[in-house]
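This report describes selected strand pairings and side-chain contacts. The sequence and structure are shown first.

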Amino acid sequence: MEKQKKSKKKKSKAVKWIIILVILVAVIGCGVGACMHFITEAVQVPQAPVSAQEYVLHDMSDYVTTEGVVVSKNIDVVTTTLPYPIKTVEVELGDSVKKGDVLCEVDTTEIDKNISKLEEQASDSDRLQAKQLEMSNHALQNAGRSQNAAIASAAKAVENARRAYTNAAKGRDALESVYDLALEEYKKQEEIYKALKAELEAEGVTTASLTDAMKTEQTALEVEVMKAKEDLEELGNTVASYASDIASIDQMKTAYDTAVDNYNELVASSGEGLQNARDQLELQKIQAGGYSEMAALLAAAYEERGNSIIRAEQDGLVTDIKAIEGMPVQGNIMQLEDDKNLRVEVSIKEMDILKIQEGQEVRISSDTIDSIGAKGVVSKVYRFKANEEAASGGVGRYAAVADANGSVGYRAVIDVTENNGLMLGMTAKVEIVVDEIGDRLSVPYTSIIDEGSAKYVYVAKPAAEPGSYTAVKTPVEIGENGVYYTEIVSGLEQRDIVITYPEEVVEGTPITVIVKKNRDGSDNDEAEDE
């Protein structure tokens, strides 16, 4: 009996411990569940804002951007072979001079003494022969000056004609492109309107039976069609009035071709004139072989005196002076640089060199002076790598722009066609236009979802909660592809907010966005869209 009681007590204790354990497990389970819920709530991080851009006009042109140094197209190194002291220096460093201005004068004291002495000993025949040689020498020098001036003037005429024709042709092409876009918009609106009318007719809906909502929709479509038609007619009138301008563009092309022909003929003819003067001088020298020694010496002295006054051969700035009054200087005595006809020498990265071609248009600006805005054209491309020493021996006296490793590499020369503030020695930022597509309604190419023949983008549509958006997958039709942007010809409305990287979102999920307004430097500040 006692054994049975003890057995029952043991069973009762066992049941009690089992119940206690069950309760503990339940409590612990609830606690763990609550903790897990708390942890989950604590670590839940809201989604970061996604990058987006508005569907607006973007410049889709392709550029190569680099930097260069502004140098002169025309540099005149003034020299003398006279071994006499400099009498006067008429200019200072930085002075602006005109062609023909006196730069400096060599002291002719010794030359005049020599001429006086020779003339005393020379006969009339000797003096005549010496004058003949002097006149032939002057004729050669004048022919050279005339040739250079005429060729420079003809080259300028060619450039002016080319620029006028190029600008006019660009204006015509831009207008025709805008007209084509307006025509497409009109056709699209007209097709939408026709489709609505056909749908209503198919369903037997009459004008009298239209609901207010349907009337409103129809009226709105009619307004869009009329607006598109008016825009088209206005552009059509502009194109019609532009017809005479288009004809003048052809005339500009003819004028350009004529200027090129005139330049080539002038180079050939002036070369003949220069050669004739050179031949005349050589003939005089040959004849001088039969002249007396006195005549030859006197002619040489006359030539020295004629070269004692040194004049500017071109307009420009004095950028270097070696001549010092009272000191004899042979060789280079001064340097003039034409500061009106400029060029920019730039370095080109290896990855970009194959894109650069002569004749490409260039935009020129400055990182330090906002008012500078010039234009140019690529005039020469060096398709080999040069070291800094070789490069600095090229056009101009300014050092070429080197890369981070001190290597100049590939180079190009840009002739400045329209200058607004550029000066010699300035560092200039250049944009070489590789492919001028122009402004198009477009989105970043990364926004496009390619599903075979179908193309989509995610548009951020405003949600009920302020500052929140919903990602909506939207079919689009694409046009031209640029380096960064892809043209969208249908499927979007202007100023739609398009997700830049669609892999960051899931359709239908709430998101916040940061709208980057533009890719270029004109307006590239990022700001959270409210």
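## Hairpins around E19

E19 and E20 form a hairpin with three residues between them. In this predicted model, local features need pLDDT of at least 70 and side-chain atom pairs count only at pLDDT 80 or more, while totals for chains, interfaces and linings use all residues. Residues are numbered from 1 along each chain as its sequence is written, and side-chain values use heavy atoms, with hydrogens and water left out. Strands (E, at least two residues) are DSSP runs numbered from the N terminus, and two of them pair if DSSP finds at least two bridges between them.

E19 and E20 run antiparallel and are joined by three bridges; Ile478 has Ile488 in E20 as its bridge partner. E19 also forms a hairpin with E18, with six residues between the two strands. In that turn, Gly467 has a positive phi of about 85 degrees. Strand E18 (residues 454–462) is joined to E19 by eight bridges in the antiparallel sense, and Val457 is partnered by Thr474 in E19. A further antiparallel pairing, over two bridges, links E19 with strand E22 (residues 510–511), where Tyr469 stands opposite Ile511.

Rings of Phe, Tyr and Trp (its six-membered ring) pair if their centres lie within 6.5 Å; planes under 30 degrees apart count as stacked, over 60 as edge-to-face and the rest as tilted. The count comes to three aromatic pairs by this rule. The ring centres of Tyr445 and Tyr484 are 6.2 Å apart and the planes stand at 90 degrees, so this pair is edge-to-face. Tyr445 lies in the loop between E16 and E17 and Tyr484 in the loop between E19 and E20, so the pair ties together parts that are 39 residues apart in sequence.

Tyr484 also forms an edge-to-face pair with Tyr485, at 4.8 Å centre to centre and 85 degrees between the planes. Burial is classed by relative accessible area (buried under 20%, exposed over 50%, partly exposed in between; 1.4 Å probe, protein chains only). Tyr485 is buried at 2%, whereas Tyr445 is partly exposed at 46%.

## Charges over rings

A charge sits over a ring if NZ of Lys or CZ of Arg is within 6 Å of the ring centre and within 35 degrees of the ring normal. The charged end of Lys473 is placed over the ring of Tyr456, 4.6 Å from its centre. Arg411 lies over the face of Tyr382, at 4.1 Å from the ring centre.

Note on methods. Helices (H or I, at least four residues) and strands (E, at least two) are DSSP runs, numbered from the N terminus.
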